[in-house]
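Subject: The structure we talked about

Hi there,

Here is the structure for you to open alongside this email. Have a look at it first, and then read on for what turned up.

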Amino acid sequence: MGILRDFERRLETIVEGFFARALPGGGVQPVELGKRMVRVMDEQKTVSVANVYVPNEFTFFLASKDVERLRPVENALDKELGAVARRAAASEGWRLLGPPVIRLVEDSSAAPGTFRVEAAVVEGMDEKAEEAGPHTSLLQMSTEHDSELVVVGSKRRPYPLAKDALSIGRLDSCDIVLSDTGVSRKHAEVRREGDEWVIVDLNSTNGTIVNGKTVRRHRLAQGDRIEVGETTIEFHGS
């Protein structure tokens, strides 16, 4: 029960902002969709050799009356639910194989104020994905991205380096979101250069430190310790 309560507390911080405003008229509220989505991500996560994958496609089935109420904010809802999915993945160390996809579907059998959600893991359809097919093996994908950043401390969290650049900062749009007052809104970025990774300071206020030295740019090696504000991040990879 302690683990569940801890997850619920983190969920409250993930689903905020847009979701704090209730729509008039009762019925299903955006915050309910956001919380259910994150719970489904947690319930349907898949553990592979090196990563934890979660659904990134969500179809919400609602009564016609609720769909009508949500239509005026559908674009904002789609954007905010996608942001919540990304933030939850970053917070919990989960991996999304593609950008979040949100759908609202009318369900004639649903009673007003109720809904159900179906979720799936769908790989992003870039050129390589189309050649490989829409459902590349999770085990195969895990071997392609074995480098990661790990936020150390009591809330140790891994962030797989699954794309060519990973941003670090306080902004919700960053890949690694840190609630650390010593960290700039967009503090630093870890980038792929060929077969190697480098960290670049983005003109942060307090600077970026690697292995005790302040750096503007540093080629990362296994075990390097990155300090931003009061947060320490380790690089694990080749």
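**Confidence**

The mean pLDDT of the protein (the predictor's confidence in each residue, from 0 to 100) is 81, and 79% of the residues reach 70 or more. Residues 125-145 have pLDDT below 50, and this stretch makes 30 contacts in the model beyond near neighbours in sequence; a contact means heavy atoms within 4.5 Å. Where pLDDT is low, the predicted coordinates should not be read in detail.

Helices (H or I, at least four residues) and strands (E, at least two) are DSSP runs, numbered from the N terminus. Strand β3 covers residues 57-62, and six of its six residues are buried. For burial, the cut-offs are relative accessible area under 20% for buried, over 50% for exposed, and partly exposed in between (1.4 Å probe, protein chains only). In a regular strand the side chains alternate between the two faces of the sheet. In β3 both faces are covered: E57, T59 and F61 are buried on one side, and F58, F60 and L62 on the other.

Two strands count as paired if DSSP finds at least two bridges between them. β3 pairs with β4 (residues 101-106) in the parallel sense, over six bridges. With β5 (residues 115-120), β3 runs antiparallel, and six bridges join the two. Here L62 stands opposite F115.

D66 lies in helix α3 (residues 64-70) and has 2% relative accessibility, so it counts as buried. Leaving out residues up to four places away in sequence, D66 touches G27, V28, A111, P112, G113 and T114.

**Salt bridges**

Side chains of opposite charge can pair when their charged atoms come close. The criterion used here is a side-chain nitrogen of Lys or Arg within 4 Å of a carboxyl oxygen of Asp or Glu. By that rule, a search of the whole structure finds 15 salt bridges.

One of them joins E74 to R71, with the closest N and O atoms 2.9 Å apart. Both partners are partly exposed: E74 has a relative accessible area of 27%, and R71 has 36%.

Another joins R87 to D172, with 3.6 Å between the closest N and O atoms. This pair links distant parts of the chain, 85 residues apart: R87 is in helix α4 (residues 74-92), and D172 is in the loop between β8 (165-169) and β9 (176-177). R87 is buried, at 19% relative accessible area, whereas D172 is partly exposed at 47%.

R191 and E189 also meet in a salt bridge, at 2.5 Å from N to O. R191 is partly exposed at 29%, while E189 is buried at 16%. There is a network too: salt bridges that share partners join E193, E196, R217 and R219.

β11 (residues 196-201) has five of its six residues buried, so it is largely enclosed by the rest of the structure. Strand β10 (residues 188-193) pairs with β11 in the antiparallel sense over six bridges, with E189 opposite V200. The two strands form a hairpin with two residues between them, and G194 in the turn has a positive phi of about 65 degrees. β11 also runs antiparallel to β14 (residues 217-219), joined by three bridges, and there V200 stands opposite R217.

**Two asparagines in loops**

N203 has a positive phi, near 55 degrees, and is not a glycine. N203 sits in the loop between β11 and β12 (208-210) and is exposed, with a relative accessible area of 62%. N211 has a positive phi of about 55 degrees as well, although it is not a glycine. N211 is in the loop between β12 and β13 (213-215), and at 46% relative accessibility it counts as partly exposed.

Conventions. Residues are numbered from 1 along each chain as its sequence is written. This is a predicted model: local features need pLDDT of at least 70, side-chain atom pairs count only at pLDDT 80 or more; totals for chains, interfaces and linings use all residues. Side-chain values use heavy atoms; hydrogens and water are left out.
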